[in-house]
Amino acid sequence: MILTIVKYPEPVLSQPGEPVTEFDAGLRKLVADMFETMYAGQGIGLAAPQVAVSKRLAVIDLSMGKDPEDKLVLINPEIIFHEGRQYEEEGCLSFPEIREKVVRSSKVSVRAQDETGKWFEMDGEDLLSRCLQHEIDHLDGMLFIFRMSALKRNLSLRKIRKMQSAGEW
Ligand SMILES: [Zn+2]
């Protein structure tokens with residue numbers, strides 16, 4: 001089922017998500033729906049608050065549905081190590097048409113639970129590292145415009161206001 005993706009400034013996007021404690025059929029259904037919703041929106045990552053569910057859960061697939069091995073489910077994830085710096089363009093399904101460069105770590109290690117509740121650790125570099133940081137930020141209520149420079153953030157906010165008043169947001 002394709003879920004509705006909420007857009008900035010929907011309050012749920014700015015709230016820290018609650019830890020996931022039930023690893024049941026309801027969770028598996030939410031994960032499946034989030035993948036479907038992410039593919040429909042042609043994104044590479046989607047966090048639960050973006051579908052108005054205030055929980056610490058995100059899905060990632062850099063292959064956009066082409067390679068099942070790229071599918072990542074991150075439940076209660078935490079960044080346990082980061083190093084380096086990258087400055088690349090990012091987008092977000094909750095900010096359609098906004099793309100700006102954001103500073104991120106070039107490499108991260110993440111500890112998270114899978115759909116069954118089992119803990120695992122993984123590393124990500126470059127695009128995967130950026131995506132992991134972007135999605136885990138969502139679970140803390142942190143949005144990528146607040147990682148931009150003040151100049152770029154103000155330009156983005158102006159563009160959003162213009163689209164809102166034209167009924168395009
Ligand atoms: Zn996002």
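**Figure 1. Secondary structure of the predicted chain.** The model is predicted. Three helices and seven strands make up the secondary structure. Their order along the sequence is α-β-β-β-β-β-β-β-α-α. The radius of gyration is 15 Å, close to the 15 Å that the globule rule gives for 169 residues, so the chain is as compact as a globular protein of that length. Along its principal axes, the C-alpha trace spans about 45 × 35 × 30 Å.

**Figure 2. Burial and contacts within the chain.** Of the 169 residues, 45% are buried. Contacts are counted here between residues at least 6 apart in sequence; 63% of them join residues at least 24 apart.

Figure 3. The chain has an accessible surface of about 8,800 Å². Carbon and sulfur atoms account for 50% of that surface.

**Figure 4. The zinc site.** Cys92 (SG), His134 (NE2) and His138 (NE2) coordinate the zinc ion. Along the chain, the donors follow the spacing C-x41-H-x3-H.

Figure 5. Helix H2 covers residues 126–139 and holds both His134 and His138. These two residues are four apart, about one turn of the helix. Buried means under 20% relative accessible area. His134 has a relative accessible area of 7%, so His134 is buried. His138 has 1% relative accessibility and therefore also counts as buried.

How values were computed: Residues are numbered from 1 along each chain as its sequence is written. This is a predicted model: local features need pLDDT of at least 70, side-chain atom pairs count only at pLDDT 80 or more; totals for chains, interfaces and linings use all residues. Side-chain values use heavy atoms; hydrogens and water are left out. The radius of gyration is taken over C-alpha atoms; the globule rule is 2.2 Å times the number of residues to the power 0.38. Buried means under 20% relative accessible area, exposed over 50%, partly exposed in between (1.4 Å probe, protein chains only). Contact means heavy atoms within 4.5 Å. Accessible areas come from the Shrake-Rupley method with a 1.4 Å probe; for residues, only the protein chains shown count as cover. Donors are N, O and S atoms within 2.8 Å of the metal (3.2 Å for Na, K and Ca); water is not among the atoms, so sites may look incomplete.
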